[in-house]
Amino acid sequence: MMDKDAPFSSVVFAGGGSRCLWQVGFWDSVAPALELAPRAVAGVSAGATMACAILAGRARFALEYMKAAVAANPKNMYPLRLFSGRPVFPHYPIYRQAVVDVIDADGLERLRQGPDMRVLLARPPAWAGPRLAVLLGFGAYMAEKKLNGRVHPEIAARIGFRPLAVPVRACWTPEELADLLISSSCTPPMTPVMNWNGGPVLDGGLVDNVPVRALDPDDGPALVLLTRLYRPELLPQSPTRRYVQPSRPISVAKWDYTNPQGFQDAYDLGRRDGERFAAAWPD
């Protein structure tokens, strides 16, 4: 059960692309109010990136950096680049450079010295090539989201996708960390198919977009930060996990890299939701 004085020893950051800036705002309000000091943190996709920025002490810088980067990017797709050798989708170069610039060597060292941070990846079935794996994985994810809206998906695991939790302490350079985080966010064609430890990987959200499975049983009570609204009856009930979701849909789309105000709005909504959560705790 949760202790009202020291309620959470672990935190989970769900995926959600640009919407994950809500988590940063929520953390900025709740962490000092509840004196959060987690021993373990699990994240997937952009949620893992936000968690790393927070633990590296670079979250607010990350927000301003990304607002400037997307303000300089007028489109989410450049069809005329198709035969030029330049990326049609600008997300991968922007994302990767952002990780390297935001979490520099000092930030990475602080991250490595902090809580045990784990990043979830999805390993495709051995019998599926990269293209088939992309179709199967994201097809299953979208179908399940439309059909039942579960917080924790199941279909991809049933057809052979396997979770792979990688500790951030395995990364020794900002470039290695960028490869890990983009592997966890791997969503072709927005990114290329990524490889980790000799095998292809895709967005870890395919096996669990709310990666509680990256926690160990002894990690203790968990605060689980979602990035989209679920019907109340779909939220899992657990004596050792507190699922928290935005108070309203976040306006920015998950792969919208053209909307700096949307990034700020997501953060601001998180701040307000966090303030309400902290004020009402432990009720």
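## Ser10 and its surroundings

Ser10 touches Pro38, Ala40, Leu215, Asp219, Gly220, Pro221, Ala222 and Leu223, leaving aside residues up to four places away in sequence (contact means heavy atoms within 4.5 Å). Ser10 sits in strand β1, residues 10-13; helices (H or I, at least four residues) and strands (E, at least two) are DSSP runs, numbered from the N terminus. Because its relative accessible area is 0%, Ser10 counts as buried (buried is under 20% relative accessible area, exposed over 50% and partly exposed in between, with a 1.4 Å probe and protein chains only). Gly220, one of the residues that Ser10 touches, also places its backbone oxygen 3.3 Å from a polar atom of the Ser10 side chain. Such a polar contact is a pair of N or O atoms within 3.5 Å; within protein, one must be able to donate a hydrogen and the other to accept it, and residues adjacent in sequence count only if both atoms are side-chain atoms.

A word on the basis of all this: the model is predicted, with local features needing pLDDT of at least 70 and side-chain atom pairs counting only at pLDDT 80 or more, while totals for chains, interfaces and linings use all residues. Residues are numbered from 1 along each chain as its sequence is written, and side-chain values use heavy atoms, with hydrogens and water left out.

## Salt bridges

The structure holds eleven salt bridges, each a side-chain nitrogen of Lys or Arg within 4 Å of a carboxyl oxygen of Asp or Glu.

Another bridge joins the side chains of Asp208 and Arg213, with 3.7 Å between N and O. Asp208 counts as buried because its relative accessibility is 2%, whereas Arg213, at 41%, counts as partly exposed.

For a local example, look at helix α3. Glu64 and Lys67 both lie there, three residues apart, or about one turn of the helix. The closest N and O atoms of their salt bridge are 3.6 Å apart. Glu64 is partly exposed, with a relative accessible area of 41%, while Lys67 is buried at 18%.

Helix α8 (174-184) is mostly covered, with eight of its eleven residues buried. Those buried are Pro174, Leu177, Ala178, Leu180, Leu181, Ile182, Ser183 and Ser184. Where do contacts with this helix come from? Thr49, in helix α2, touches Leu181 as well as Tyr95 and Val99, not counting residues up to four places away in sequence. Thr49 is itself buried, at 9% relative accessibility.

Leu202, in strand β6 (199-203), touches Ser183, together with Leu121, Ala122, Pro124, Ala133, Val134, Phe138, Phe161, Cys186 and Pro188, again leaving out residues up to four places away in sequence. Leu202 is buried too, with a relative accessible area of 1%. Gly129 is 73 residues from Leu202 in sequence and 12 Å away in space, C-alpha to C-alpha.

## The largest pocket

The largest pocket has a volume of about 510 Å³. Pockets are found on a 1 Å grid over the protein atoms alone, as open sets of points where a 1.4 Å probe fits, with protein on both sides within 12 Å along at least five of seven lines; lining residues have an atom within 4 Å of a point. Points are joined across faces, edges and corners, and a volume is the space filled by probe spheres set on them.

The lining has 32 residues, of which Gly17, Ser18, Ser45, Ala46 and Lys254 lie nearest the centre. At least two lining residues come from each of α2 (45-55), α3 (59-71), α4 (91-102), α6 (130-147) and α9 (205-208), and α2 gives the largest share, five residues. By class, the lining has 20 nonpolar, nine polar and three charged residues (Ala, Val, Leu, Ile, Met, Phe, Trp, Tyr, Cys and Pro are nonpolar, Asp, Glu, Lys and Arg charged, and the others, Gly among them, polar).

## The second largest pocket

The volume here is about 150 Å³. Lining residues include Phe26, Arg242, Tyr243, Asp273, Arg276 and Trp281. β8 (241-244) and α10 (260-280) are the elements that give two or more residues to the lining, and the largest share, four residues, comes from α10. The lining divides into six nonpolar, two polar and four charged residues.
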